Amino acid sequence: MSFTILGTGSALPAQQVTNDQLSQIMDTSHAWIHSRTGIDSRPICRQETVTQLALEAARQALENAGVVPGELDYILCPTLVGDTITPSLACLVQEGLGAGCPAVDLNAACSGFLYAMDLARGLFAAGQVRRVLIVAAEKMSRLVDWRDRSTCVLFGDGAGAAVLGPGEDLLSLLVTAQGTSSPLRIAAPSGNCPYSQGEGGESYLAMNGQEVYRFAVGAIARDIPRALELAGVTPGQVDHLLLHQANLRILEAAQKKLGIPLEKYAVNIATHGNLSAVSVPLLLDEMNRSGRLRPGEILALCAFGGGLTTGAAVLRWRGTPTDK
Ligand code: UT7
């Protein structure tokens with residue numbers, strides 16, 4: 001027993017910040033950002049909290065799935081950090097929905113949604129759950145250093161959710177970790193203990209872009225073929241590729257290595273930027289709501305990011321009857 005995706009949802013902050021707006025407050029330009037990344041604008045929270053975005057995405061996904069909060073058996077929230085370190089974002093989502101099930105955050109950075117699916121797969125296999133809510137939510141605007149033009153222009157804020165039920169639509173899933181602290185890092189708050197020597201320094205995202213770029217292209221080219229092989233699916237049978245949206249150039253470089261036609265790639269980076277764990281479920285929800293996914297179609301998902309972590313999965317879209 002694996003699972004099927006019963007419904008999806010997403011939420012974005014109202015404010016959209018363009019490259020031209022950024023160029024008014026820092027030494028950058030639309031031409032540089034667009035040509036190096038494919039990003040034109042990104043959603044940035046003004047007043048919205050991570051919890052509000054997560055709740056909105058969760059409610060949409062529940063409605064889309066025809067599931068009520070009381071039916072949920074588990075809530076998993078992939079996020080770097082919610083509005084508070086404790087309570088977890090997942091506990092705040094549980095409270096907001098009025099659900100009564102276990103709830104926990106997990107941090108696998110941009111690969112978080114794939115890691116959450118991996119844990120959900122185990123819960124379904126153990127016969128422990130019938131309804132699982134995964135809500136990825138990130139407020140990257142709070143974690144980047146707005147004095148560092150090489151990173152702050154890349155990221156945005158948002159939430160994406162999926163409700164899972166029993167089924168056989170997960171055809172393969174693999175996650176990896178290659179632990180290293182250097183290429184992508186956000187330090188924890190150092191505290192003010194008078195007896196400790198804190199790390200000092202500031203708690204902002206720091207990234208060696210070129211190192212992560214090479215890792216990302218290599219990860220997609222390695223993990224998608226592996227996931228397809230595990231699923232017994234040929235590249236030609238894939239209907240849609242939903243890859244983490246970090247940089248359009250990464251997607252184009254990966255496309256050359258994979259040889260799957262570009263029109264099969266879902267792309268929303270121009271208007272969203274890099275939303276960390278939210279990228280993949282947001283793409284899924286956009287495609288679901290716009291009617292681009294047909295029952296039985298084959299989706300290949302892949303994400304990569306801090307840790308360094310990766311995840312790849314092959315899914316059939318609503319191919320098996322559910323127990324509803
Ligand atoms: O989601 C987590 C995974 N993250 C990723 O996958 C990110 C992977 N990395 C990348 O996407 C790219 O490496 C970046 C978009 C981050 C950077 O692109 P790049 O082509 O690797 O640029 P670079 O870092 O080599 O910088 C080239 C130049 C530098 O100037 P000099 O030293 O050549 O004079 C930078 O100072 O571009 C400069 N630069 C900028 N100029 C204008 C860096 N950021 C900016 C900026 N505006 N925002």
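Which element supplies the largest share of the lining of the largest cavity? Keep that in mind as you walk through this predicted model.

Stop 1: Select the ligand and you will find it sitting in the largest pocket. Helix 2 (30-37), helix 6 (149-152), helix 7 (209-231) and helix 8 (248-258) are the elements that each give two or more residues to the shell around the ligand. Colour helix 7 first, as its four residues make up the largest share of that shell.

**Stop 2: the residues around the ligand.** Now show the 23 residues that surround the ligand; the closest are Thr28, Arg36, Gln210, Asn247 and Asn274. Sorted by class, this shell holds 11 nonpolar, eight polar and four charged residues.

Stop 3: Select Arg36, where a side-chain N or O atom is 2.7 Å from an oxygen atom of the ligand. Next comes Arg149: here a polar backbone atom is 2.9 Å from a nitrogen atom of the ligand. Finish with Arg249, which has a side-chain N or O atom 3.4 Å from an oxygen atom of the ligand. The protein covers 74% of the 970 Å² of accessible area that the ligand has on its own.

**Stop 4: the cavity.** The lining comprises four nonpolar, one polar and two charged residues. Strand 1 (2-11) and strand 14 (309-316) each supply at least two of the lining residues. And here is the reply to the opening question: strand 1 gives the largest share, three residues.

Methods:
Residues are numbered from 1 along each chain as its sequence is written. This is a predicted model: local features need pLDDT of at least 70, side-chain atom pairs count only at pLDDT 80 or more; totals for chains, interfaces and linings use all residues. Side-chain values use heavy atoms; hydrogens and water are left out. A residue is near a molecule or strand if one of its heavy atoms lies within 4 Å of it. A polar contact is a pair of N or O atoms within 3.5 Å; within protein, one must be able to donate a hydrogen and the other to accept it, and residues adjacent in sequence count only if both atoms are side-chain atoms. Accessible areas come from the Shrake-Rupley method with a 1.4 Å probe; for residues, only the protein chains shown count as cover. On a 1 Å grid over the protein atoms alone, a cavity is a set of points where a 1.4 Å probe fits but cannot get out, and a pocket is an open set with protein on both sides within 12 Å along at least five of seven lines; lining residues have an atom within 4 Å of a point. A molecule sits in a cavity or pocket if more than half of its atoms lie within 2 Å of its grid points. Ala, Val, Leu, Ile, Met, Phe, Trp, Tyr, Cys and Pro count as nonpolar, Asp, Glu, Lys and Arg as charged, and the others, Gly among them, as polar.
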